[in-house]
Amino acid sequence: MQDRCPPAPAPQEEQRRRFLRRMAGGSLVPWLPAAALAASPDDTARIALPPSQAPSEVPEKPSELGDPPAQRVGFAVVGLGRLSLDEILPAFGQTRHCKAVALVSGDRAKAQKVARHYGIAETAIYDYQGFDRLADNPAVQVVYIVLPNGLHAEYTVRAARAGKHVLCEKPMANSVAECRQMIDACSRAARQLMVAYRSQYEPNNRLLQRWVQEKHLGRLKEFISTNAIHLGDPGQWRLKKALAGGGPLPDVGIYCINGVRFLTGEEPSEVWGDIDRPTGDPRFREVEEAARFVLRFPSGLRATCHTSYGAHRSQFLRLLGSEGWAELDPAYAYQNLRLRGARVVGGQETHLQPSLPEVNEFAKEMDHMAQRVRDNQRPYSSGEDGLQDQRIIEAIYESARSGRWVKLEQPSNPVRGAPPPAEG
Ligand code: NAD
């Protein structure tokens, strides 16, 4: 009788297939991770509709309803600028556990317009002087601070005093001292504090973190990254030291710093920095135009990074290991991230470019906060994570001033809460 089984793959081919499966996120075939990673591990209501596509297609996901409105965690959004209006408020519609229930703005007419659009009660509009009255609004559990960086500390401390949990935009604050005040205020009030590092909740970043953890790249040698944008208007707050804390380094360079720390789980022991402050350009009277910096890690890994306010938008990262490389290009963007990797498997150079589902990073990040508030657990990107980035930023500026490498102690406390559950 003829054997109906396909012939067993040669050992090298089997090794190669195993690699592809693991690199793709652990699903059965490498082109399935999109569905696998999209499947959510939590227990919100889902409705499975009959499949409409051929079995050879990516399986259709059940429809996810999220929590009913009465059970969602209520957020107050503080500051109605570009990020709040263009990204955060629309993202509530894609969350499973969150709802916007209050607004804080200095412009009442704008806030009323926004409140009408999102069905927020007019009585839940506050101005900055009346911010502390949030204490009297039990519908607000989390205060999401989306103000210029120099105001993050003040509003975090006031929110904690009002008995609210805090989700704070990056960078956490303008100084290590402010970060510590924020952590202390939330800890005294027994409230959770999370820094809005949205990339940590995004599937491509999380898969790359897993490749590193599972040693697919071998021993890590080098992280290379740029995060650059080109700013105009010299009058904007991003170019004022008191409101911004610095130039591109704390604003967009922080993604490279947080990225290498998040992806590798390592903390630098030494940093070197160099900044450009061109004279005669009205934009750079108070802050740098560009910074380049190197972080040395105890394992021997180095991160070589660049950030700028004077170059056309460019955002990428690449990790080089002894046995493979991986890159995100673009990295740090809100959408269309592209992950690629390569290593030799079974004697062949093997490339992988997983195609993961697009997610709304802000919705993912807010859902994480809501779950941690409900579970009374420390968020993954906690205040200590933001504090550690600020320590590194200050060391880079110090190195740029002194022209020397600056040593950093390893953090004394764990920098993150427990990781969010694996998806897929
Ligand atoms: P923006 O200038 O568009 O908005 C800032 C808001 O703060 C405005 O509504 C402004 O009126 C208000 N504000 C209150 N007090 C102010 C003061 N004293 N001076 C100036 N503005 C004042 O800025 P944005 O781009 O929305 O950034 C807000 C925060 O979000 C910053 O911390 C920034 O770093 C962060 N951000 C994060 C991301 C991300 O991807 N996570 C992206 C952009 C911005």
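These legends describe close-up views of a predicted model. Residues are numbered from 1 along each chain as its sequence is written. Local features need pLDDT of at least 70 and side-chain atom pairs count only at pLDDT 80 or more, while totals for chains, interfaces and linings use all residues.

**View 1. The shell around the ligand.** The ligand is surrounded by 19 residues, the closest being G79, G81, R82, L83 and E169. Helices (H or I, at least four residues) and strands (E, at least two) are DSSP runs, numbered from the N terminus. By class, the shell holds nine nonpolar, five polar and five charged residues. Ala, Val, Leu, Ile, Met, Phe, Trp, Tyr, Cys and Pro count as nonpolar, Asp, Glu, Lys and Arg as charged, and the others, Gly among them, as polar. Domain 1 (69-196) and domain 2 (199-360 + 382-407) both give residues to the shell, so the ligand lies between them. The domain bounds come from an automatic or database domain assignment.

View 2. Strand β15 (residues 339-345) pairs with strand β16 (residues 348-352) in the antiparallel sense, over five bridges. Strands pair if DSSP finds at least two bridges between them. V345 stands opposite Q348 in β16. Two residues lie between the strands of this hairpin, and G346 in the turn has a positive phi of about 55°.

Notes:
A residue is near a molecule or strand if its C-beta atom, placed from the backbone, lies within 6 Å of it.
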